Amino acid sequence: MAGHASQDISATNLWDGKVSPFSTSYGKLMMWFFLVSDALTFGGLLVAYGFTRHDALDAWPIGEETFNSMPFLGHGYPLLYVALMTFILIVSSVTMVLAVEAGHRMDRKGVTKWLFATIIGGFFFVGSQAWEWSHFIHGSEFGKVELADGSQAIVKGHFGELKNFTVIEAGKHHEKGEVITDDLMHQFQHAVVLGHIENGIITLHDGSKAKVAKAADEHMVLIIKKTGKENKIGDVIEGDKACNIYGEVINSGEANRVIYGANLEQNEYGPQQYGQFFFFITGFHGFHVFSGVMINIIILLGVIKGTYHKRGHYEMVEKTGLYWHFVDLVWVFVFTFFYLI
Amino acid sequence: MERDDVIEYSLDAHHSEEEGKVLRKKIWKVTAILTVVTIVEVALGAFIKQGSVIWPFIKWTFVILTLLKAGYIVLSFMHLGDERKALKYIILAPYIVFMLYLIFVAISEGTAVGDALVNYGV
């Protein structure tokens, strides 16, 4: 790659004016400076995350426990989806480098092809992140439970399937004897939070009461995350004892003993700051990915139109590539510090 | 609008088909390295529990592997390794120095705040 940047020019010639001391254009230099400033922003956010985690007194969520679902496949795949997201973003970075390389050969078709592939990868990543958010907000099937002694535990295991609700007392919308089969999980979780399930009888939204037919939960493990009168952080309760304790909480008829998912007031994963940092850092990063995809689309339109070919160089693609690689770089760090450590 | 007082450096950045082949091979090689490192990181993260004895060692492995990936992305993908030495230093040196200092400060303050919370209550 012969060019000004690879020539050995003595220092006095470089810094005497009229030439760029870095043998690069104003636009590229400014893009680098912007990337440094943005990197400082993300660096600051990640250090703030580390600081908050360092002195959080409650148990901090563990990455491979919290993020163990795949779309359409359910849970039991620790960190696999986020690994896939990382791979997609790295591959989109690779296609971007290939687009820049094609630009250096004035290969317009190549640039179009590889830039388009980068945009597809970017869209996949943003879509995947949106799914992760929605799953995080929605929570697991078990939620986080408050046990009788005041301690709190997260639950691992296989949630027994809800078969149906058989109405035993009529309400505004349901008749006695009616067998309800749709939207069971949603109504079940709502009722648990409100304390509307007592001894296997659920009170539905319209006031009717129904008997819950549900398969038994299996392989239950309760992991204590907040110390209570008897249980301490880190205790693990397994087997039948876990099933019984969890069943007692669900059927107690007391409100607010189970938390599902994450919202602005409480979350099932751990301290509030965990959710806040998760949404802020991944959201800010996702915003950068999205804006990167938009910019890539605009530049792709320019490539197709032939603007850069007429200009004689594809430096605009290169500058856009710098921004895209920066986005990938930030993700590499977010992935390590948020999900792995 | 043509300007004759600005040097269009990017016109010199072109390379031939043969050079392109060599460069593409290098790109795929770096891709393979990044993929393998990511797979190793995910496998370690998924299968080694956080409470286990080797966990501190694993944590440092993650940090080193991540810095390795970052190095490859910045120097190879972003072509900073091909730029002039001055530009390389201007981008990397202040950032690294500042980050190291920030991390030191955060750990010191975080420890101090944590101790204060434990000793004097929330």
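1. What you are looking at is a predicted model, in which local features need pLDDT of at least 70, side-chain atom pairs count only at pLDDT 80 or more, and totals for chains, interfaces and linings use all residues. Residues are numbered from 1 along each chain as its sequence is written, while chains are lettered from A and ligands numbered from 1 in the order in which they are written.

2. Now widen the view around that pair. Strands E5 (residues 162-169) and E9 (residues 209-214) of chain A are antiparallel partners, joined over 6 bridges; two strands count as paired if DSSP finds at least two bridges between them. If sheets are new to you, strands pair through backbone hydrogen bonds, in either the parallel or the antiparallel sense.

3. In which order do the strands of the open sheet of chain A stand? The order is E6-E5-E9-E8-E7, 5 strands with antiparallel pairing. At the edges are strand E6 (179-180) and strand E7 (197-198) of chain A; each has a single partner strand, so one side of each has no neighbour in the sheet.

4. E9(A) also pairs with strand E8 (residues 201-203) of chain A, in the antiparallel sense and over 3 bridges. Here A:Ile201 stands opposite A:Lys211 in E9(A). The two strands make a hairpin with 5 residues between them, and A:Gly207 in its turn has a positive phi of about 100 degrees.

5. Strand E3 (residues 144-146) and strand E4 (residues 152-158) of chain A pair antiparallel over 3 bridges, with A:Val145 bridged to A:Ala153 in E4(A). This hairpin has 5 residues between its strands, and A:Gly150 takes a positive phi near 95 degrees. E4(A) is also joined by 6 bridges to strand E10 (residues 218-226) of chain A, running antiparallel; A:Gln152 has A:Lys226 in E10(A) as its bridge partner.

6. Do look at the helix H8 (residues 272-305) of chain A. Its 34 residues reach 49 Å from the first C-alpha to the last, close to the expected 50 Å, a figure that is 1.5 Å times one less than the number of residues. A:Gly306 follows H8(A) and has a positive phi, near 95 degrees.

7. As a whole, chain A holds 10 helices and 12 strands. Its radius of gyration is 27 Å, well over the 20 Å from the globule rule for 341 residues, so chain A is more spread out than a compact globule. The radius is taken over C-alpha atoms, and the rule is 2.2 Å times the number of residues to the power 0.38. Along the principal axes, the C-alpha atoms of chain A fill a box of roughly 90 × 45 × 30 Å. Buried residues, those with 20 or more other C-beta atoms (placed from the backbone) within 10 Å of their own, make up 37% of the 341 residues of chain A.

8. Chain B has 3 helices and 0 strands. For its 122 residues a compact globule would have a radius of gyration near 14 Å, whereas chain B has 22 Å. Its C-alpha atoms fill a box of roughly 70 × 40 × 25 Å along the principal axes, and 15% of its residues are buried. An automatic or database domain assignment divides chain B into domain 1 (17-82) and domain 2 (84-122), whose C-alpha centres lie 24 Å apart.

9. How many residues does each chain bring to the contact? Chain B gives 50 and chain A gives 51; residues are in contact if their C-beta atoms, placed from the backbone, lie within 7 Å. On the side of chain B that touches chain A, helices H1 (17-47), H2 (55-77) and H3 (85-120) of chain B each give two or more residues. The largest share of that side, 14 residues, comes from H1(B). By class, that side of chain B has 26 nonpolar, 12 polar and 12 charged residues. Here Ala, Val, Leu, Ile, Met, Phe, Trp, Tyr, Cys and Pro count as nonpolar, Asp, Glu, Lys and Arg as charged, and the others, Gly among them, as polar.

Definitions and conventions: Helix = DSSP H or I, 4+ residues; strand = E, 2+ residues; numbered from the N terminus. Contact = placed C-beta atoms within 7 Å. Buried ≥ 20, exposed ≤ 12 C-beta atoms within 10 Å, placed from the backbone.
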